[in-house]
Amino acid sequence: MPRRILVLVGHPDPSPDRLCRALAAAYAEAAEKAGHSVRKIDLALLDFPMLRTMQEFEHGTIPDGLKEAAEAVVWAEHFVFVFPLWLGTVPALLKAFLEQVMRPGTAFSYPAKGEGLAKSLLRGRSARLVVTMGMPAAVYRIWFFSHGIAGMRRGILNFVGIRPVRETLFGMVASASDARRAKWLRQMRRLGERAV
Ligand SMILES: Cc1cc2nc3c(=O)[nH]c(=O)nc-3n(C[C@H](O)[C@H](O)[C@H](O)COP(=O)(O)O)c2cc1C
């Protein structure tokens, strides 16, 4: 079954040389080739303000620079977030994007008075987090309990109804050989073909 996939690069550095961009492109190309519909968002190329108030979050409108991206979030059945680990977690730019987009009306709705929990509006979607990092991936998993990306999975994506959220971690990227990078790109192509 063809899927609607949103590939989102959350790297603040717009340089085409970043590994994250190559990983995202490999996934997207393979998914398109396999017949899936793919849209791409590169956060480094978007211009949008920080969300600063609860008033704005609940009653404001999505900033003009993010309208198309917010529409793509609602359109997608599967999300692929590709980003580097920065200070143990997602880069601030990606968090700022999620604060703007995963807001009431788009991603969830508050319960009516007297009713129980918030209603997730993005139910039925799935996601994959592809994260590059300087340390060995096993160290981040075992020693740090993958805390930064667990926060994104549970506190944001699961909250708005997106599950399962799968993870692919690539560690020690600075010293990775060309052969190792080529292996990672092949891994991304295989995931893209299967749209998972
Ligand atoms: C501001 C900043 C913070 C970083 N913090 C971490 C970190 O907490 N843990 C880690 O393993 N690597 C950290 N790194 C290394 C990046 O994760 C690494 O450079 C990146 O994953 C490489 O992928 P890229 O080629 O797509 O940039 C940090 C890098 C920067 C610039």
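Where is Met 135 placed? Met 135 sits in the loop between strand S6 (126–132) and H5, where helices (H or I, at least four residues) and strands (E, at least two) are DSSP runs numbered from the N terminus. The model is predicted: local features need pLDDT of at least 70, side-chain atom pairs count only at pLDDT 80 or more, and totals for chains, interfaces and linings use all residues. Residue numbers start from 1 along each chain as its sequence is written.

**Loop residues**

Met 135 is partly exposed, because 15 other C-beta atoms lie within 10 Å. On this scale a residue is buried if 20 or more other C-beta atoms lie within 10 Å of its own, exposed if 12 or fewer, and partly exposed in between, with C-beta atoms placed from the backbone. Leaving aside neighbours within four places in sequence, Met 135 is in contact with Tyr 140 and Gly 171; contact requires C-beta atoms, placed from the backbone, within 7 Å.

Leu 87 counts as exposed because it has 8 other C-beta atoms within 10 Å. Phe 145 is also exposed, with 10 C-beta neighbours inside 10 Å.

A further backbone feature is the cis peptide bond from Arg 163 to Pro 164, with omega near 5°. Pro 164 belongs to the loop between helix H6 (147–158) and strand S7 (165–170).

**Ligand shell**

There are 14 residues around the ligand, and Leu 19, Pro 84, Thr 132, Met 133 and Gly 134 come nearest. A residue is taken as near if its C-beta atom, placed from the backbone, lies within 6 Å of the molecule. The shell has nine nonpolar, four polar and one charged residues. Ala, Val, Leu, Ile, Met, Phe, Trp, Tyr, Cys and Pro count as nonpolar, Asp, Glu, Lys and Arg as charged, and the others, Gly among them, as polar.

**Core and helix packing**

The largest nonpolar core has 50 residues, such a core being a set of buried Ala, Val, Leu, Ile, Met, Phe, Trp, Tyr and Cys residues joined through C-beta atoms within 7 Å. Val 7, Tyr 27, Val 80, Phe 81, Val 82 and Val 101 have the most contacts inside it. Helix H1 (residues 19–33) gives the most to this core, with eight residues. Not counting residues up to four places away in sequence, Val 82 touches Val 9, Gly 10, Cys 20, Leu 23, Ala 24 and Val 130.

H1 and helix H7 (residues 178–194) pack at about 35°, and their axes are 7 Å apart. Axes are lines fitted to C-alpha atoms, for helices over the stretch in contact, and angles run from 0 to 180 degrees between N-to-C directions. By class, the contact of H1 with H7 has twelve nonpolar, one polar and four charged residues. Those on the H1 side include Leu 19, Leu 23 and Tyr 27, and those on the H7 side include Arg 181, Trp 184 and Met 188.

**Helix H2**

Gln 55 is found in helix H2 (residues 54–59). Gln 55 is exposed because it has 8 C-beta neighbours inside 10 Å.

Key
Two residues are in contact if their C-beta atoms, placed from the backbone, lie within 7 Å.
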